[in-house]
Amino acid sequence: HSSPDESEDQDLISGFLRIVDKVWFFSGLGYPDFGSFDCVKDSSSVVEWAQSSEDNPHRPIDHQLSYETEWDMINAVSFRRKVHSHGDVLNRKCQHWAFSFNVCDLRSITVKCEGWSYITFRLKDGTALPAIHFHQGGSTAFLDSLRKLVQINESPDDESVLIVSTYSRAFSQSFENLLDDTNYGFVQKFKKDPYTTTLGGFSKVTNYLFDAFRVPELEYHQRPAEEVADLLGEIIPGLEINQQEEPGFEVITRLDLGPRPEVQRRGPVAMEEWAKYQDSEGRITNVPHLKDVIFKGGLCHAVRREAWKFLLGYFPWNSTHEERKLLQKRKTDEYFRMKLQWKSVSEDQEKRNSRLRDYRSLIEKDVNRTDRNNKFYEGLDNPGLILLHDILMTYCMFDFDLGYVQGMSDLLSPILFVMENEVDAFWCFVSFMDEMHENFEEQMQGMKTQLIQLSTLLRLLDLAFWNYLEAQDSGYLYFCFRWLLIRFKRELHFQDVLRFWEVMWTRLPCQNFHLLVCCAILDSEKQKIMDRKYGFNEILKHINELSMKLDIEEILIKSEAICMQIKNCKDLPHSVSEILGLNTVTEPSAALETSEYGILESPQTSPRSTHRQDHVVFNGHSHLKESTHNGCKVAFIS
C-alpha cells in the first residue's frame with residue numbers, strides 16, 4: 001500500500017522487496033600487511049523496496065507462482081574504488097514510492113493477516129513505512145531471513161508486533177567480522193596483536209578501541225567520535241545512562257555532600273592475628289570486626305589461602321575444623337565427578353558436541369596467554385596452566401549454559417595462584433562466578449546495570465564532570481567497561497589485584513564498593529581530562545593508559561572517604577541509597593552483629609548464603625528492578 005494506513009481505498013503498487021546483505025572488498029592499497037584484496041563483511045545490511053519499472057512491470061497477482069517474485073535475499077558484492085558496470089542496487093534512480101533502510105535502524109515490525117499477510121516497518125526515529133503485502137505468501141520466509149541479521153522478539157503487549165534488536169548479531173558474530181573493518185582503521189592492529197585487545201563480547205570492542213588509538217598512522221581511517229559512540233551504544237541495547245531524561249526515574253540534582261572525611265588504612269592481617277579470631281574448635285569469632293580489619297588492611301599472603309575460603313563463602317564462618325574437613329571431602333568427590341564427565345568424552349562424541357568443542361578451544365587459547373609473566377604460570381608445560389585448563393573445563397560441566405567466556409580465566413588465575421589446590425580453587429571460583437555471572441551472560445545484564453549505577457553515582461559526586469563527559473559522547477562511561485567486567489584485573493599489578501579483591505569480598509563499607517573505586521579513579525583524573533579538553537578518543541586513550549599505573553592504597557583510601565562522605569549526606573537520593581545499600585531497615589536479632597560500617601553480619605552464614613541458581617545472590621547487581629518511592633519510579637538493584 002502507498003500508506004501505512006491499510007484501508008481499502010489506498011492504491012496497491014507492485015514492486016520488489018529485497019534484503020541486501022553487503023560484502024565489501026577493500027583494495028590493498030595503503031595497507032602493506034594485506035594481500036591484493038581483503039574481504040570484510042559489512043554489518044549494515046539494508047532492506048529496500050522498489051516499484052516495478054514500466055519496462056519490466058511486476059506480473060499480475062493472478063499469475064504469481066511463488067513468493068520469490070515479491071522479495072529477494074541479495075549479496076551485493078562491491079569493490080571500493082571501482083564503479084559497477086551494472087550499477088549498485090543502493091544507487092539506482094530513486095522512485096516515487098521506493099524506500100530503503102539499514103536493518104540497524106529498524107525498531108519494530110507489525111505483522112497482520114487479512115486473507116494474506118502484510119507487514120509494516122517502523123524505524124527508530126518513529127517513521128512508519130508503507131505496508132508491504134505478500135499476496136502469494138512469503139512473509140514467514142522473509143522474516144526468517146531477517147532474523148539472520150537481527151534479533152526479533154514478540155512484543156509482550158501486542159503479539160502482532162515484533163521488536164527488533166541488533167545486539168545479538170553484533171555480540172555473537174566473530175570478533176574478526178565485528179572489527180575487521182577498515183573504516184575503523186583497526187585491521188592492521190588486530191592482525192598484529194589479536195588477543196591483548198580482546199576479552200569477550202563488548203569488551204573486545206572497548207579494548208580494541210583503546211589500543212588502536214595508539215597507532216598514529218591509523219588516525220586518518222578512524223570514524224568520527226560521535227559515530228564510534230553510537231556504535232558502542234548499539235552493542236548493549238536498552239542502556240540509558242541519561243536517566244534524568246527518562247520519565248519515571250528520579251532526578252539527581254546538585255547536592256552539598258559536605259567535606260570529604262580523612263580515613264586511614266592499617267597493615268595487613270598476619271597469621272598470628274588471624275589465629276586470634278578462631279576458637280578452640282576452629283570457628284571464626286567476631287566476624288564483623290575481622291571483616292573490618294581485613295577491609296582496612298587486607299591480608300598477608302600466608303593468611304590468604306585459608307581466609308579467602310571464608311570471604312568467598314566456600315567455608316561457613318561458624319564451621320569447625322572437623323566440619324570443614326568433611327565439607328572438603330564432599331566437595332572433592334563432587335569436583336572429580338564433574339571433571340570425569342568431560343575427561344571421558346571420546347573424540348567421536350566431541351565431534352557431535354559443538355558447544356563442548358568450542359568451549360575447549362576457547363579455554364586452550366586463553367590458558368596459554370593468561371598471566372604468563374607470573375612465575376606460577378610461566379614456561380612450557382607449566383603445571384599451573386594444566387590446572388587452569390582443567391578447572392575451567394570442569395566449570396563448563398558445573399554451568400553448561402554459561403560454559404566458558406573469554407575473561408573468566410582472568411578471574412580464576414589469582415584464585416588458583418593463592419589456593420595452589422585444584423579443588424579449593426574450583427569452589428572458590430564458583431563462588432566468585434556466582435557474583436560475576438551476569439557480566440558474562442549474552443545479554444550482559446550485569447554490565448548494563450553497573451554502568452547505569454556508576455553514572456548515577458558520578459552524577460551525584462561531580463555533576464560538572466559528568467556533564468563534560470556527556471558532552472564528549474562519553475556519558476555511557478564505556479571506558480570503565482573493562483574495569484567492571486573483570487574487577488580491575490587488567491588495570492592493577494597482580495599483587496594489587498589480590499589486595500583489592502580481598503577488600504572487596506568483605507562487602508564493606510557498603511554494597512557495590514567497586515563502583516566507588518571507579519568514582520575515585522575518575523575523581524583523580526577529571527582535572528586532567530577537563531583542563532586538556534579531552535574528547536571521546538582522548539578519554540578512551542587516557543583511561544586505557546592508566547593500566548598498571550594505579551596505586552591501590554591511594555585508591556582505597558579515596559574510595560572509602562567517598563563512601564563516608566555520601567553516608568553523611570542528609571538528603572541522599574533514594575536511588576543512590578539503594579545502589580549502596582544504605583537504607584535497608586532490618587531489626588537486629590541475637591544472631592546478628594553489626595560491623596563498624598553499620599552493615600548487619602550473621603556469624604551463622606557465609607556472605608553469600610545461596611547459589612545463583614536460587615536467585616538470591618547478594619552480589620549487588622543480581623536483578624534490575626523498579627520501585628515506587630514518593631510517587632516516582634527509581635531503578636535499583638536487589
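Q: On what kind of model do the answers rest, and how are residues numbered?
A: Side-chain values use heavy atoms, with hydrogens and water left out, and residues are numbered from 1 along each chain as its sequence is written. The model is predicted: local features need pLDDT of at least 70 and side-chain atom pairs count only at pLDDT 80 or more, whereas totals for chains, interfaces and linings use all residues.

Q: How many helices and strands does the protein have, and what percentage of its residues is buried?
A: Helices (H or I, at least four residues) and strands (E, at least two) are DSSP runs, numbered from the N terminus. The protein holds 23 helices and 14 strands. Buried means under 20% relative accessible area, exposed over 50%, and partly exposed in between (1.4 Å probe, protein chains only). Of the 638 residues, the buried share is 55%.

Q: What is the relative direction of α14 and α15?
A: Axes are lines fitted to C-alpha atoms, for helices over the stretch in contact, and angles run from 0 to 180 degrees between N-to-C directions. The axes of α14 (residues 408–419) and α15 (residues 422–440) come within 10 Å and cross at roughly 155°. Angles under 35 degrees count as roughly parallel, over 145 as roughly antiparallel, 65 to 115 as roughly perpendicular and the rest as oblique. The crossing therefore makes α14 and α15 roughly antiparallel.

Q: Which classes of residue make up the contact of α14 with α15?
A: Contact means heavy atoms within 4.5 Å; among the residues that meet are L411, L412 and I415 in α14 and F429, F432 and M433 in α15. Ala, Val, Leu, Ile, Met, Phe, Trp, Tyr, Cys and Pro count as nonpolar, Asp, Glu, Lys and Arg as charged, and the others, Gly among them, as polar. The contact of α14 with α15 has 13 nonpolar, no polar and 1 charged.

Q: How many residues apart in sequence are the parts that the pair of W308 and W505 ties together?
A: Rings of Phe, Tyr and Trp (its six-membered ring) pair if their centres lie within 6.5 Å; planes under 30 degrees apart count as stacked, over 60 as edge-to-face and the rest as tilted. W308 and W505 are edge-to-face, at 4.8 Å centre to centre with 90° between the planes. Because W308 lies in α9 (residues 301–311) and W505 in the loop between α19 (494–504) and α20 (513–531), the pair joins parts separated in sequence by 197 residues.

Q: Is E114 buried or exposed?
A: E114 is placed in the loop between β6 (106–113) and β7 (117–123). Its relative accessible area is 55%, so E114 counts as exposed.
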